[in-house]
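Have a look at the sequence and the model first.

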Amino acid sequence: MAEARAGARPAFSRGVSTVGDGGRRMLGVWGMEQEHQEALKKNRVVLAKQLLLSELLEHLLEKDIITLEMRELIQAKVGSFSQNVEFLNLLPKRGPHAFEAFCDALRETKQGHLEDLLHRTLYSFQNLRPPLGCDYDSSFPLPVCDSCPPHKQLRLSVETMEHSLDNGDGPPSLQVKPCTPEFYQTHQHLAYRLQSRPRGLAMVLSNVHFNGEKDLEFRSGGDVDHSSLVTLFKLLDYDVHVLRDQTAQKMQENLQRFAQLSAHQSTDSCMVALLSHGIEGGIYGVDGKLLQLQEVFRLFDNANCPNLQNKPKMFFIQACRGGAIGSHGHPLLFTAATAFLTL
């Protein structure tokens, strides 16, 4: 039998309560809740590949979820994958509070994307919707917003419509409506968590007035599109950043600065809208120089923007060819693409 070492905490078995430290506290270790065990099991491979244990183990040791002996047992394994597997074998045996403490430790060690993954799995088990900060009528089997204020509407000012191409049918009226219970029930298991307030940061960049060698035309109606997107993103509860008439270099610099904002860490998503002239795979600055869209996307990937790792990043690109006119007098859209990226 192994001899107990001085200073080591005793290892506890399932279903046993032990009094330590002169009777000052009781450490009860009972089984983890079944749904928590299932959430760990369903995400076992991802956790085994991605967990960063060194700091996380210290948090769990501090909270009496694991013992010194367990930490040594885990660290004795060769390679991070084997250590993670050993940890995942031990965690379900560490009591009813182990799962919550593990999620807290993930958040505290900047591994919140794994916490989100576990919570989304739990929501799929329970058929629950993450709280959205407003009350719901409990008589509905699924949340249908009843106590929220009436649908917000915002009409754009007449001044912004001066160059509109809407055939004279007036300024747009924007609404954001809650989804129906039927839509929610059939789609909620596919949804990302959007609980933060604001939901995320948004950037709307619009180039309207051009100069330079390309002789790009004034973007008639560009101000209306810009105002409509800003309004919509605000109604969707995004913190909107606005840029107008930027050179290609300034576009890249400002997008990079936006991608590095620390506020992304505490929000759940990000949106970027770029409105200008463009060509396939690129968008023009007001100086007629081209910014490649792949360079824009690169600024927000995991390596360059870790605060948005495993969060939805949505890019709306409207880039028209200045000289092409359609049958109704509208500039032909060379690309009007919505890219939904998880990088």
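First, the ground rules. This is a predicted model, where local features need pLDDT of at least 70 and side-chain atom pairs count only at pLDDT 80 or more, while totals for chains, interfaces and linings use all residues. Residues are numbered from 1 along each chain as its sequence is written, and side-chain values use heavy atoms, with hydrogens and water left out.

**Strands around β5**

Helices (H or I, at least four residues) and strands (E, at least two) are DSSP runs, numbered from the N terminus. Two strands are called paired if DSSP finds at least two bridges between them.

Strand β5 covers residues 200-206, and it pairs in the parallel sense with strand β6, residues 238-244, over 7 bridges. β5 also pairs with β7 in the parallel sense, again over 7 bridges.

β7 and β8 form a hairpin with 2 residues between them, and G281 in the turn has a positive phi of about 80°.

**The helix between β5 and β6**

β5, helix α9 (residues 222-235) and β6 make up a right-handed β-α-β unit. Right-handed is meant this way: with the strands pointing away from the viewer, the path from the first strand over the helix to the second runs clockwise.

α9 has 14 residues and reaches 20 Å from its first C-alpha to its last, close to the 20 Å expected at 1.5 Å a residue. That expected span is 1.5 Å times one less than the number of residues.

Among the buried residues of α9 are H226, L229, F233 and L235.

**The annotated site**

The "active site" annotation comes from an unreviewed UniProt entry and covers H277 and C320. UniProt positions are given in the numbering used here with feature names shortened, and annotations may be inferred rather than shown by experiment.

H277 lies in strand β7, residues 269-279. β7 is largely enclosed by the rest of the structure, because 10 of its 11 residues are buried. H277 itself is buried, with a relative accessible area of 3%. Its side chain reaches the backbone oxygen of E217 at 2.7 Å. A polar contact is a pair of N or O atoms within 3.5 Å; within protein, one must be able to donate a hydrogen and the other to accept it, and residues adjacent in sequence count only if both atoms are side-chain atoms.

**Cysteines**

How many disulfides does a search of the whole structure find? The count is 0, where a disulfide is a pair of cysteine sulfur atoms within 2.5 Å. Take C270: its closest cysteine sulfur is in C305, 6.9 Å away, so the two are too far apart for a bond. C270 is buried at 1% relative accessible area, and C103 is buried at 3%.

The peptide bond from R197 to P198 is cis, with omega near 0°. P198 lies in the loop between α8 and β5.

D237 follows α9 and lies in the loop between α9 and β6. Its phi is near 70°, a positive value in a residue other than glycine. N310, in the loop between α11 (293-298) and β10 (313-325), has a positive phi as well, near 60°.

Q175 is in the loop between β4 (173-174) and α8 (181-187). The C-alpha atoms of Q175 and L236 are separated by 9.6 Å, although these residues are 61 residues apart along the chain.

Here are the loop residues with their accessibility:

| Residue | Relative accessible area | Class |
|---|---|---|
| Q175 | 37% | partly exposed |
| D237 | 26% | partly exposed |
| N310 | 31% | partly exposed |

Technical notes. Buried means under 20% relative accessible area, exposed over 50%, partly exposed in between (1.4 Å probe, protein chains only).
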